[in-house]
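Colleague: I would like a close look at a single part of this model, the surroundings of the ligand. Please take it slowly and keep to what can be read from the atoms.

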Amino acid sequence: MIETEILVVGGGPAGTTTAKYLSLAGIKNILIQRNFHFKKPCGGGVRLDAFDTFEIDKNLIEKEVYTLNLVHKKQKISIDITQTPIAIVDRVKFDTALRKQAKEAGTDVYEATFVNLEIFENYVISTIKKEDTFIKIKSKYVVAADGVNSKLRKQVNKENVSATMTHYCDITSQQYTSCTFHVGAQVAQKNYAWAFPHAEGSNIGVVGESQCLSVLKKDLLLEEKTKDLGYKIPNYDNMIFYKTRVFFVGDSASQVLPFTYEGIYYAMGAAKILSNVLINKEPPSAYEKQWKEKYAKKFDTLLKLQKLFLYNDFTIRIMMQLYKSQYIQKQMVLMWLGDRELTINAAFALKVIKRIIQRRK
Ligand SMILES: Cc1cc2nc3c(=O)[nH]c(=O)nc-3n(C[C@H](O)[C@H](O)[C@H](O)COP(=O)(O)OP(=O)(O)OC[C@H]3O[C@@H](n4cnc5c(N)ncnc54)[C@H](O)[C@@H]3O)c2cc1C
């Protein structure tokens, strides 16, 4: 039996960030990651400011993006994001570097798989499998950072993470330099399809059915033979923060921003909040409270905007019309990729209408 203060399950952005900050504060912790070579299916797009916020080596940035495009049928709107650029990372290199950072800070990092846990009043006994050996770990708390297929969520809360399927592929015949979002019932139903620069070549995909990926390929005039894959992405509709000595963080907690489905930044953001709560020995409920203070408004606003604007082609046409306004573009970008708060209410709607009328004059 190994003893530690905190066992962190999952070595992606959520788990590694939690482990790193715990170790920097001198809290003993073990991080287990099932496979050190795992390539998380991901576009790899992260807000550039994440590198300063979470103290990550900027050498991990493969590409930088300064333009976003919004495409609906034949209409295309380009949005300048020079003030809030997006970095593209290679997830194998990125996750490996984050695990290395946690290890250098003092975390014991094992290539091992979480199997099950027994919860007692003041501690948890987890069983992990390392190569062919089963090991028991006694800890005060367990952090479930084991992603969208979270085994811990199944065991502790008796449910799967509610999620939507994505279908995607890497391509080499196109070298995109901007991030393009395709919207419309044909290509993305009530979500979006994407064409992003990737660490090598480009990556395209859809949040939704696999036939939408075929529509996207047609729209992009792509003739290349591709290896199409599918993977789930959490829906922000049934978050969980803590239950019986187990904290949830990142995809396992459903902390993916609605509308954009950005998860890396928010996994690390939640991990930073959680590690501070553990370092300061605050009650477990402080994690949920502080997460909600920091992110709930943004998540709720984006969920409302997604439901409103991606409802059908008519509402998408309204969105495209609004996005022609430089004012709207600036507000949306600052809210999405910056930290500007945006309240969607009657006053905001009035302001938008005024701007559109002014523009038409
Ligand atoms: C197709 C697609 C594209 C995406 N594109 C973007 C994007 O461009 N930008 C963005 O911000 N987000 C994107 N996301 C979302 C993003 O990938 C996730 O939100 C993010 O990786 C969540 O981090 P995490 O640490 O919570 O989980 P993960 O990154 O999934 O990490 C969990 C880790 O736990 C390990 N694990 C699982 N089970 C066990 C176990 N039993 N024992 C030990 N280890 C275990 C896994 O191997 C994995 O390494 C995308 C998602 C998909 C599906």
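How do the residues of the shell around the ligand divide into nonpolar, polar and charged?

Modeller: Bearing in mind that this is a predicted model, the residues of the shell divide into 18 nonpolar, 12 polar and seven charged. The ligand is surrounded by 37 residues, and the closest are Ala14, Gly43, Gly45, Arg91 and Asp251. Two of these names return when polar atoms are considered: a polar side-chain atom of Asp251 lies 2.7 Å from an oxygen atom of the ligand, while a polar backbone atom of Gly43 is 2.8 Å from a nitrogen atom of the ligand. The backbone of Pro13 also takes part, with an N or O atom 3.2 Å from a ligand oxygen atom. As for cover, the ligand taken alone exposes 1000 Å², and the protein buries 95% of that. Several elements each give two or more residues to the shell, namely the helices α1 (13-24) and α7 (264-279) together with the strands β3 (29-33), β10 (113-119), β14 (163-171) and β18 (229-234); of these, β18 provides the largest share, three residues.

Within the residue range of β14 (163-171) falls Cys169, which is buried at 1% relative accessibility.

Conventions:
Residues numbered from 1 in each chain as written. Predicted model: local features only at pLDDT ≥ 70, side-chain atom pairs only at ≥ 80, totals over all residues. Heavy atoms only, no water. Near = heavy atom within 4 Å. Polar contact = N/O pair within 3.5 Å; in protein donor to acceptor, adjacent residues only side chain to side chain. Areas by Shrake-Rupley, 256 points an atom, 1.4 Å probe, with all protein chains shown as cover. Helix = DSSP H or I, 4+ residues; strand = E, 2+ residues; numbered from the N terminus. Nonpolar A, V, L, I, M, F, W, Y, C, P; charged D, E, K, R; others polar. Buried < 20%, exposed > 50% of the residue type's maximum accessible area, 1.4 Å probe, protein only.
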